[in-house]
Amino acid sequence: MRSDAPAVSSVPTGLDARVVAQQGDFHLDVELRVQGGTVAAVLGPNGAGKTTVLRVLAGLQGLTDGFIHLGDTTVEDPATGVRLSAQQRRVGLVPQDSLLFPHLRVTEQVAFGPRHHGRSRAQARSEAQRWLQQLELTELADRLPHQLSGGQARRVAIARALATKPGLLLLDEPLAALDAGAMLQMRAFLRRHLAEFAGPTVLVTHDTFDAMVLADDLVVLDRGRVVQTGSPADVASHPRSGHVAALVGLNLVRGTADGHVVRSVEGVEVRTAQASGGEVFCAFDPTSVSLHLDPPRSSSRNTWRGAVTGITPYGDAVRVEVAGDLAVLADVTPAAVADLGLEPGSQVWSSVKATEVRVYPA
Amino acid sequence: MPQTDQPIRSATGRLPWQLLVPAGAGLALLVLPVVGLLVRAPWSTLPDRIGDPGVRQALQLSLLTATSATICCVVLGAPLAWLLARTTMPGRRAVRTVITVPLVLPPVVGGVALLTAFGREGVVGQLAYDAFGFRLPFTTLGVVVAQTFVALPFLVLAVEGALRSADPRFDDIAATLGASRWQVFRRVTLPLAAPGLASGAVLAWARALGEFGATITFAGSFPGTTRTMPLAVYNALNSDFDAAILLSLVLLVVSIAVLALLRDRWLIGAAA
């Protein structure tokens, strides 16, 4: 009964897929290339087809065209009629609402996968216990789902998916609908444990910050289509449309905080209104950055010197990329670009109010 | 939202007699017959009569057949409910209609129908008789079949409702974790529908225990083989009214006791 599952090997391999699906009059056509050990974030507004991409990759919904390859294995290819069922393809899916089986305790929950991959009851249990230990969830082992918080349930759902040793891990909005504290914990949890996973990970989110912090590559989706792909920094600095610019506009600085000052890895200081400590991310929107030819004088502002390296018009605004002590993206009006005479190579001062800088523990 | 307590006050006040009178009459209709049973019961001779082998035999037979019929209902009904709730099998609406027919069919008609199918000269029964000499009517197994026939719809509808209200995405997740469709059914779908299954089984058991019309038509009334409690009550009615009351009391006590027991063990446990 169990040997009929031609399991996709758990050897780390990449995902190469073109997901074409039709749902009513909604047409989805998304290409995804994700290497083993890396995380791709599919970013887009609600209704962009993100969850459908995951359902198709997991085998819960059929491809109408395209293909799914995992390493050397063809998982699905309508052209040749190949289609591994959800049961056979070993793709770990973590849904947004976790969907822990209400009648199973956490250990049984995590043992569910191993149990259906040929392990005895005892083996499956001990494997589950090892996963819980590795993901620091041991204290939850005997709880039922209704005794878990939202964040705990989601971590257990991740453990449950990882316990099948999947060839591909899919996370649907892993940080949505959590309270602030749980979100911080969850973000740290994902950063730590996604790095340990050898296969490709596809995570779906509508939150730019999460995508930029967690992902190696961004896939920006709009109405069922990929509008831009690339590294988070690349997509943010060269948005190809107003839609992408609005969605992926974020300046992100990693550093060490001490009170109201964050010192970046490169040694640049960022003043923040919010006091913090330890390893943090600072984030501020390009729209809150202003550009000046002379150093502005204000104690409540951060100012950095730099040179314009890119000018990308989009919609009614222009995204200016400034390289210097700190790489900064600024959204300014076309009039401002003309007034300041900005062109690649121009020396400018970028400034942002301390109150505009948000701080997140890393 | 209400700024004063006026809307609340208008909802109270005197209870309208137009509702009170029929409600009271309805309650009386339900309670008085039970009171009648208790008042007219032959309490003085009760200890002697309760040990009567005929009573014991009928009670044993009733418990055996009703429980067997309930097991049949679960084994046959749960998969049927799953087909109706979780697949897009063609003709599902027609199947659901067929399933509900025994609900509205007078049980006596059900018994006649069973005879035409499984009787010695029935559509299927004749084949079985010619081939193996096997005869279903007028046997204890025939009683179980008649009871299953009338009780099955209760179980199917209860389980189907439970399956419909359970999120099918749990099944999806179980599949991604490597479970086959059968394993998904056994380890996820069925446990999620357990409260519905339990209440369906209780309903089916109660229906089977009280079954009269289809049983007497299809299986007759032979002491020890097919004369279940309701049939024994009817039989006693013609000769010994006190005995009929006694049998009725026993049936009443047994069914209330079992329902109360199951309610504590299953229904409340499942809701917790």
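**View 1. Confidence of the predicted complex and of chain B.**
For the complex as a whole, the predictor reports an ipTM of 0.78 and a pTM of 0.77. Chain B has an average pLDDT of 88, and 92% of its residues score at least 70. Residues 1-8 of chain B stay under 50 in pLDDT, and the model gives this stretch 1 contact beyond four places in sequence.

**View 2. The side of chain B that touches chain A.**
The contact between the chains involves 14 residues of chain B and 20 residues of chain A. On the chain B side, helix 9 (169-176) and helix 10 (181-192) each contribute at least two residues. Helix 9 of chain B gives the most, with 6 residues. By residue class, the side of chain B that touches chain A consists of 8 nonpolar, 4 polar and 2 charged residues.

**View 3. The two domains of chain A and their contact.**
The domain assignment divides chain A into domain 1, residues 15-247, and domain 2, residues 251-361. The C-alpha centres of domain 1 of chain A and domain 2 of chain A are 33 Å apart. Their contact draws 11 residues from domain 1 of chain A and 11 residues from domain 2 of chain A. On the domain 1 side, at least two residues each come from helix 7 (208-214), helix 8 (232-237) and helix 9 (242-247) of chain A. Helix 7 of chain A gives the most to this side, with 3 residues. The residues of domain 1 of chain A that touch domain 2 of chain A comprise 7 nonpolar and 4 polar residues, with no charged residue.

**View 4. The hairpin of strands 1 and 2 of chain A.**
Strand 1 (residues 15-23) and strand 2 (residues 26-34) of chain A are paired in the antiparallel sense through 9 bridges. Gln23(A) has Phe26(A), in strand 2 of chain A, as its bridge partner. The two strands form a hairpin with 2 residues between them. Within the turn, Gly24(A) adopts a positive phi of about 65°.

**View 5. Two residues with positive phi in one loop of chain A.**
Most residues other than glycine have a negative phi. Glu173(A), which is not a glycine, has a positive phi of about 45°. Glu173(A) is placed in the loop between strand 8 (168-172) and helix 6 (180-194) of chain A. Ala177(A) also lies in the loop between strand 8 and helix 6 of chain A. Although Ala177(A) is not a glycine, its phi is positive, at about 55°. Which of these residues is buried, and which is exposed? Glu173(A) is buried because 22 other C-beta atoms lie within 10 Å, where 20 or more are required. Ala177(A) counts as exposed because it has 12 C-beta neighbours inside 10 Å, and the limit for this class is 12 or fewer.

Strand 12 of chain A and strand 13 (residues 269-284) of chain A run antiparallel and are joined by 12 bridges. One bridge links Arg263(A) with its partner Glu269(A) in strand 13 of chain A.

How many residues of strand 17 (residues 328-332) of chain A are buried? The strand is mostly covered, with 5 of its 5 residues buried. Val328(A), Ala330(A) and Val332(A) point one way from strand 17 of chain A, while Leu329(A) and Asp331(A) point the other way. The charged residue Asp331(A) is thus among the buried residues of this strand. Strand 16 (residues 317-324) of chain A runs antiparallel to strand 17 of chain A, and 5 bridges join them. Across this pairing, Val320(A) stands opposite Ala330(A) of strand 17 of chain A. Strand 16 and strand 17 of chain A form a hairpin with 3 residues between them.

How values were computed. Residues are numbered from 1 along each chain as its sequence is written. Chains are lettered from A and ligands numbered from 1 in the order in which they are written. This is a predicted model: local features need pLDDT of at least 70, side-chain atom pairs count only at pLDDT 80 or more; totals for chains, interfaces and linings use all residues. Domain bounds come from an automatic or database domain assignment. Two residues are in contact if their C-beta atoms, placed from the backbone, lie within 7 Å. Helices (H or I, at least four residues) and strands (E, at least two) are DSSP runs, numbered from the N terminus. pLDDT is the predictor's confidence in each residue, from 0 to 100. Two strands pair if DSSP finds at least two bridges between them.
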